[in-house]
Amino acid sequence: IGAITGSVFGFMDSMRLAGQSEVLKNASNMAKGKYMMEGTTRSATLFGVFFSGFHVVKYGLRVTVDPGDYSEIGLAGAISLGALMSKP
C-alpha cells in the first residue's frame with residue numbers, strides 16, 4: 001500500500017517538476033520519461049520502506065508488549081517518524 005501511494009505521489013510530483021523546469025522543457029520526451037520514472041521509483045521506495053517499517057514496529061509491539069490498538073499505533077508512528085528524521 002505504501003509503495004502504491006508513493007508511486008502516485010512521485011509521479012504527480014515528477015509531472016509538476018517536469019513542466020516547471022527550464023531544463024526539462026527543452027529535453028526530449030525520452031529524457032522526461034526517464035526523469036519521471038526515477039522520481040516515481042524513488043518516492044515509491046521511500047514510502048514502501050517507511051510503511052513496511054511502521055507495520056513491523058506495530059506488530060512487534062503487539063507481540064511483545066500488547067499495549068492496545070491506539071497505543072501501539074501511536075508508539076509505532078513515533079518510532080517510525082523518529083527513524084525517518086534521524087540523520088546517521
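1. Helix α3 (residues 29–64) and helix α4 (residues 69–85) have axes that come within 9 Å and cross at roughly 135°; here helices are DSSP runs of H or I with at least four residues, numbered from the N terminus. The axes are lines fitted to C-alpha atoms over the stretch in contact, and angles run from 0 to 180 degrees between N-to-C directions. This is a predicted model, in which local features need pLDDT of at least 70 and side-chain atom pairs count only at pLDDT 80 or more, while totals for chains, interfaces and linings use all residues. Residues are numbered from 1 along each chain as its sequence is written, and side-chain values use heavy atoms, with hydrogens and water left out.

2. The helices α3 and α4 are therefore oblique to each other, given that angles under 35 degrees count as roughly parallel, over 145 as roughly antiparallel, 65 to 115 as roughly perpendicular and the rest as oblique. Their crossing is right-handed, a term for the near helix being turned clockwise from the far one by less than a right angle.

3. Where α3 meets α4, the residues in contact (heavy atoms within 4.5 Å) include Leu46, Phe50 and Phe54 from α3, and Ile73, Leu75 and Leu84 from α4. By class, this contact has eleven nonpolar, three polar and four charged residues, where Ala, Val, Leu, Ile, Met, Phe, Trp, Tyr, Cys and Pro count as nonpolar, Asp, Glu, Lys and Arg as charged, and the others, Gly among them, as polar.

4. The axes of helix α1 (residues 2–20) and α3 come within 7 Å and cross at roughly 150°, and this crossing too is right-handed. Among the residues that make the contact are Gly6, Gly10 and Ser14 of α1, together with Gly39, Thr40 and Ser43 of α3. The contact of α1 with α3 has eleven nonpolar, ten polar and no charged residues.

5. Thr40, which has its place in helix α3, counts as buried at 12% relative accessibility; buried means under 20% relative accessible area, exposed over 50%, and partly exposed in between, with a 1.4 Å probe and protein chains only. Leaving aside neighbours within four places in sequence, Thr40 is in contact with Gly6, Ser7, Gly10, Phe11 and Ser14, and the side chain of Thr40 also reaches the backbone oxygen of Met36 at 2.8 Å.

6. Ser86 lies in the segment after α4 and is partly exposed, with a relative accessible area of 44%. The side chain of Ser86 reaches the backbone oxygen of Ala83 at 3.0 Å. Ser86 and Thr40 are 46 residues apart along the chain, and their C-alpha atoms are separated by 23 Å.

Notes. Helix = DSSP H or I, 4+ residues; strand = E, 2+ residues; numbered from the N terminus. Polar contact = N/O pair within 3.5 Å; in protein donor to acceptor, adjacent residues only side chain to side chain.
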